[in-house]
Amino acid sequence: MLTLVAAACVAATVVGERSSGVGGPMFVLDLALGVLGCCLVPLMPRWPVAVALVLAAFAAVAPTATPPATIGVLQVAGRRPLPVAIGVALVGTAAHAVRDVWRPQAGLSYSWWLLLVVVAHAALVGFGALTQARAALIASLYERARRAEAEQGRRIAEARAAERTLIAREMHDVLAHRLSLLATYAGALEYRPDMAPEQFSRGAGVIRATVHDALNELRDVIALLREETPTDGVERPVPALADLPALVEESRAVGTPIELRDALTNPTALPGPAGRTAYRVVQEALTNARKHAPGQPVSIALDGTPGKRLVIDVCNPLNGAGGSSIPGAGTGLVGLTERVRLAGGQLDHQAVSGEFRLHAWLPWPA
């Protein structure tokens with residue numbers, strides 16, 4: 001495109017010279033330098049400074065080299081730093097000033113010619129610098145947009161990872177409790193083949209119900225991982241602190257003696273997330289007791305009032321008659337500790353004097 005513009009301007013200059021009576025060897029030289037200048041224009045993107053200086057030298061001899069030389073100054077101003085562009089513009093101004101000394105413009109004084117040349121080159125440098133600054137601004141805006149998009153993608157990925165981690169903890173809490181109940185009932189049926197048919201039938205019914213509940217809860221967790229709704233269309237209630245009596249009775253039904261000391265003034269006043277976390281703390285403690293001390297008594301103490309703290313203490317002996325065959329990864333308490341910490345509380349557990357003790361507190365907003 002630039003080559004065509006330069007060629008059109010050179011052609012107009014040649015026609016003007018011809019109409020003004022320029023001829024002979026000088027006309028041939030002007031025509032040759034004009035054509036050669038047009039041939040050098042395509043080389044500007046690769047060597048802008050060198051080509052611009054050569055064209056300036058041509059412009060010091062022939063008016064037909066002025067259009068290519070002008071394009072050369074503009075290209076340098078748009079591609080190179082401002083000091084380099086100013087230097088090339090000064091060379092171009094000097095070349096045109098020298099040419100007007102021995103080939104003066106008809107009807108125009110030298111001072112006016114020099115002024116026009118200076119203004120034209122200053123405008124070329126300014127326009128080129130403006131173009132370069134605009135390109136740099138657009139590039140910076142594109143880079144900022146790219147970084148913002150990458151940052152947004154990173155935040156989304158982190159949020160998804162955090163949510164999946166929370167769901168994985170929920171899966172552990174729910175399924176570990178259900179499966180430990182199932183293993184306890186199945187063990188009783190295995191080691192007591194002489195039990196009455198009514199007891200056997202009742203135990204099998206409990207196993208069936210426990211498996212059904214575990215499957216439903218597993219389906220809910222998988223639906224959450226897939227960002228779907230439960231397949232049966234039923235949204236099951238979220239456990240809360242008020243559901244602890246049912247949890248305790250469920251554990252007592254499988255043979256775990258439990259002493260519950262509930263000193264809470266109003267358990268239903270505990271907010272949903274905090275109540276759910278408290279429920280999971282007791283649930284995990286009962287699950288571990290069935291795993292590591294089956295048949296041993298468990299002591300649970302709850303205390304707290306709104307505006308202060310909810311305190312949970314769970315204790316069970318470790319010197320059971322036998323261990324449990326229920327496998328465990330040992331990460332339940334780790335995840336539970338993190339869950340309590342995220343809720344603003346603290347959880348500690350330790351084995352002391354043949355007992356396993358768990359102590360947790362959660363903030364209880366007024």
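Helices (H or I, at least four residues) and strands (E, at least two) are DSSP runs, numbered from the N terminus. The model is predicted: local features need pLDDT of at least 70, side-chain atom pairs count only at pLDDT 80 or more, and totals for chains, interfaces and linings use all residues. Residues are numbered from 1 along each chain as its sequence is written, and side-chain values use heavy atoms, leaving out hydrogens and water.

**View 1. An open, mixed sheet of five strands.** The strand order is β1-β2-β3-β5-β4. Two strands pair if DSSP finds at least two bridges between them. β1 (258-264) and β4 (346-352) are the edge strands, each pairing on one side only. From one strand to the next, the twist averages 10°. Angles run from 0 to 180 degrees between N-to-C directions, and axes are lines fitted to C-alpha atoms, for helices over the stretch in contact.

**View 2. The antiparallel pair β3 and β5.** Nine bridges link β3 (residues 309-317) with β5 (residues 355-363). Cys315 has Arg357 in β5 as its bridge partner.

**View 3. Helices on the sheet.** Helix α8 (residues 244-253) lies across β1 and β2 (298-304). Its direction is at about 170° to β1. Helix α10 (residues 332-342) packs on the sheet and touches β4 and β5. Contact means heavy atoms within 4.5 Å. The direction of α10 makes about 145° with that of β4.

**View 4. Helix α8 beside helix α9.** The axes of α8 and α9 (residues 272-292) come within 10 Å and cross at roughly 10°. α8 is therefore roughly parallel to α9 (angles under 35 degrees). Leu244, Leu247 and Ser251 in α8 meet residues of α9, among them Tyr279, Leu286 and Arg290.

Technical notes
Angles under 35 degrees count as roughly parallel, over 145 as roughly antiparallel, 65 to 115 as roughly perpendicular and the rest as oblique.
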